Amino acid sequence: MEEKAILDELRQKFPAGIRETSASPGDEVVVIEKAALLEIAAFLRDGRDKFTMLLDLTCVDYAGEEPRFEMVYHLFSLSRNRRLRIKARLGEGDLRIASLTPLWKNASWLEREVYDLFGVQFEGHPDLRRLFMYDGFEGHPLRKDYPLRRRQPLIRLKE
Amino acid sequence: MTEVRKKRPPAGQFITTQFNSLLGWGRKFSLFQYPFITACCGMEYMSAACAHFDIDRFGAGWTRFSPRQADMLLVVGTITHKEAPVLRTVYDQMTEPKWVVAFGTCAVSGGIYDNYAVVQGIDQIIPVDVYIPGCPPRPETVLDGLLKLQEKIQHQDHDWRWKKKRS
């Protein structure tokens, strides 16, 4: 019941930003346009349900599809004990999306991780550097087209 | 190794070989270890080091957290390419004589992590004396590996001559 309510509210509030919604028990998903991300996220955080917690932020590479990448955000409402998932598709030609660091501080490192492993550019991120891989590492290793056997050692390896 | 043992030394070298053997005996029972622990194998290392399995029974009880004071480098866990220079530095900082043990499948060969991040066996970076297999190895396996290393040290040609440095 409640799930329907929040999804309906989102659809009414952002008719242009919402692409589709689906709800199965305990699993509410909103697929949005990436341009609307920041205002939808701000509404969810400060709105009635108070999704004050960003649980996770990650990316999926659907190689061969267009748009190729999909950002996935998991939100949690402490006051209502509910979760919500936001998805936004990113085309390979334009890998830019708004950063959520103004809303949730922990988005900073999560976005650095996604930038490091997938190469998504977060606009408005205060310090977008690699998080896991080292300086001088070329490419983004979690993309499906990163060569499986490609190694980039920092020191000379013995055969 | 057994071949080395059976080989008769030239007559004049009797004393030096005996001294070599004495050095080996002394060194194999006073191994100071530097545990380079990066992953879950560390739990088995702790288990082997603590009272229940008690690695101290075999003369390797001293854990030194400075490579300068250690002569046995235990590489326990996955080594990534990002970490490889650190391991190399630690190895270089250790003083001779020194021995390296690859502890667990990841250190031996990279294990299941055949990907962009992980070094496929630490012998690509530093020389290794003993490989201990297992994911993670049982403490008994660790002790067995230690005994293997001790046997190696006992029959090694020790560089004890103070006048000349090996290579």
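What percentage of the 159 residues of chain A count as buried? The share is 19%, where buried means that 20 or more other C-beta atoms lie within 10 Å of the residue's own, exposed means 12 or fewer, and partly exposed means in between, with C-beta atoms placed from the backbone. The model is predicted: local features need pLDDT of at least 70 and side-chain atom pairs count only at pLDDT 80 or more, while totals for chains, interfaces and linings use all residues. Residues are numbered from 1 along each chain as its sequence is written, and chains are lettered from A and ligands numbered from 1 in the order in which they are written.

**View 1. Chain A, overall.** Chain A contains 3 helices and 7 strands; helices (H or I, at least four residues) and strands (E, at least two) are DSSP runs, numbered from the N terminus. Their order along the sequence is α-β-β-α-β-β-β-β-α-β. Along the principal axes, the C-alpha atoms of chain A fill a box of roughly 60 × 30 × 30 Å. Of the contacts in chain A between residues at least 6 apart in sequence, 43% join residues at least 24 apart; two residues are in contact if their C-beta atoms, placed from the backbone, lie within 7 Å.

**View 2. The contact between chains A and B.** On the chain B side, 9 residues are in contact with 11 residues of chain A. The chain B residues that touch chain A divide into 4 nonpolar, 2 polar and 3 charged. In this division Ala, Val, Leu, Ile, Met, Phe, Trp, Tyr, Cys and Pro count as nonpolar, Asp, Glu, Lys and Arg as charged, and the others, Gly among them, as polar.

**View 3. The sheet of chain B.** An open sheet of 5 strands in chain B has the order 2-1-3-4-5, with parallel pairing; two strands pair if DSSP finds at least two bridges between them. Strand 2 and strand 5 of chain B are the edge strands, each pairing on one side only. Strand 1 (residues 32-37) of chain B runs parallel to strand 3 of chain B and is joined to strand 3 by 5 bridges. B:Gln33 has B:Met72, in strand 3 of chain B, as its bridge partner. Helix 3 of chain B packs on the sheet, touching strand 1, strand 2, strand 3 and strand 4 of chain B, and its direction makes about 135° with that of strand 3. Helix 4 of chain B also packs on the sheet, where it touches strand 1, strand 3 and strand 4, at about 165° to the direction of strand 3. Axes are lines fitted to C-alpha atoms, for helices over the stretch in contact, and angles run from 0 to 180 degrees between N-to-C directions.

**View 4. Surroundings of B:Thr80.** B:Thr80 sits in the loop between strand 3 (72-76) and helix 4 of chain B. B:Thr80 counts as buried because it has 21 C-beta neighbours inside 10 Å. Not counting residues up to four places away in sequence, B:Thr80 touches B:Ala117, B:Val118 and B:Val119.

**View 5. Backbone exceptions.** Most residues other than glycine have a negative phi, and most peptide bonds are trans. A cis peptide bond, with omega about -5°, joins B:Glu96 and B:Pro97; B:Pro97 is in the loop between helix 4 (84-93) and strand 4 (99-103) of chain B. The bond from B:Cys135 to B:Pro136 is also cis, with omega near -10°. A:Asn81 has a positive phi, near 55°, and is exposed, with 7 other C-beta atoms within 10 Å.
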